[in-house]
Amino acid sequence: METNYIIILDYSAGEVIRIKLTPEQIKESEKYDDFECYLFTLEEKYRFRLSDCHWMVVEEIEESSYGFE
C-alpha cells in the first residue's frame with residue numbers, strides 16, 4: 001500500500017485533519033523506520049499534537065457523512 005494520505009483525528013479539538021503527502025514528503029517519510037516518528041516532524045506545520053490524536057495512512061480516501069442534510 002502506498003502512503004498517499006494521512007488522516008488524523010484530533011480528539012482534543014474535535015477536528016479531522018486530512019493531509020495529502022507530496023512526493024517529497026513521501027520520500028522523506030521512507031527514511032524513518034517508524035512512520036509515527038515522521039508524523040512528529042509534521043506537528044508544527046499542520047498544527048496538531050500527536051499525543052492528542054489517532055491517525056491512519058491510506059492510499060486512497062473515501063468519505064461518508066450521515067445526518068447532515
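Colleague: Among contacts in the chain between residues at least 6 apart in sequence, what percentage join residues at least 24 apart?

Modeller: This is a predicted model, and the answer is computed from it. Contact here means heavy atoms within 4.5 Å. Counting contacts between residues at least 6 apart in sequence, the share that joins residues at least 24 apart is 52%.

Colleague: In which pattern do helices and strands follow along the sequence?

Modeller: The chain has 3 helices and 3 strands. Read along the sequence, they give the pattern β-β-α-α-α-β.

Colleague: Is Val-58 buried, partly exposed or exposed?

Modeller: Val-58 is found in strand E3, residues 53-58. Buried means under 20% relative accessible area. The relative accessible area of Val-58 is 16%, so the residue counts as buried.

Colleague: How far apart in space are Val-58 and Pro-23, C-alpha to C-alpha?

Modeller: In sequence, Val-58 and Pro-23 are 35 residues apart. Their C-alpha to C-alpha distance in space is 15 Å.

Colleague: How is the aromatic pair of Tyr-32 and Tyr-38 classed?

Modeller: The structure holds 3 aromatic pairs. For Tyr-32 and Tyr-38, the centres are 5.6 Å apart and the planes make 55°. Planes under 30 degrees apart count as stacked and over 60 as edge-to-face, the rest as tilted. The pair of Tyr-32 and Tyr-38 is therefore tilted.

Colleague: How is the pair of Phe-35 and Tyr-38 classed?

Modeller: Phe-35 and Tyr-38 both lie in helix H2, residues 35-40, and are 3 residues apart, about one turn of the helix. Their ring centres are 5.7 Å apart and their planes stand at 55°, so this pair is tilted.

Colleague: Is Tyr-32 buried, partly exposed or exposed, and what about Tyr-38?

Modeller: Tyr-38 has a relative accessible area of 3%, so Tyr-38 is buried. Phe-35 is buried as well.

Colleague: How far apart do the centres of the positive and negative side chains lie?

Modeller: The chain has 7 positive and 17 negative side chains. The distance between the centres of the two sets is 8 Å.

Methods:
Residues are numbered from 1 along each chain as its sequence is written. This is a predicted model: local features need pLDDT of at least 70, side-chain atom pairs count only at pLDDT 80 or more; totals for chains, interfaces and linings use all residues. Side-chain values use heavy atoms; hydrogens and water are left out. Helices (H or I, at least four residues) and strands (E, at least two) are DSSP runs, numbered from the N terminus. Lys and Arg count as positive and Asp and Glu as negative; His and the chain ends are not counted. The place of a charge is taken as NZ of Lys, CZ of Arg, CG of Asp or CD of Glu. Buried means under 20% relative accessible area, exposed over 50%, partly exposed in between (1.4 Å probe, protein chains only). Rings of Phe, Tyr and Trp (its six-membered ring) pair if their centres lie within 6.5 Å; planes under 30 degrees apart count as stacked, over 60 as edge-to-face and the rest as tilted.
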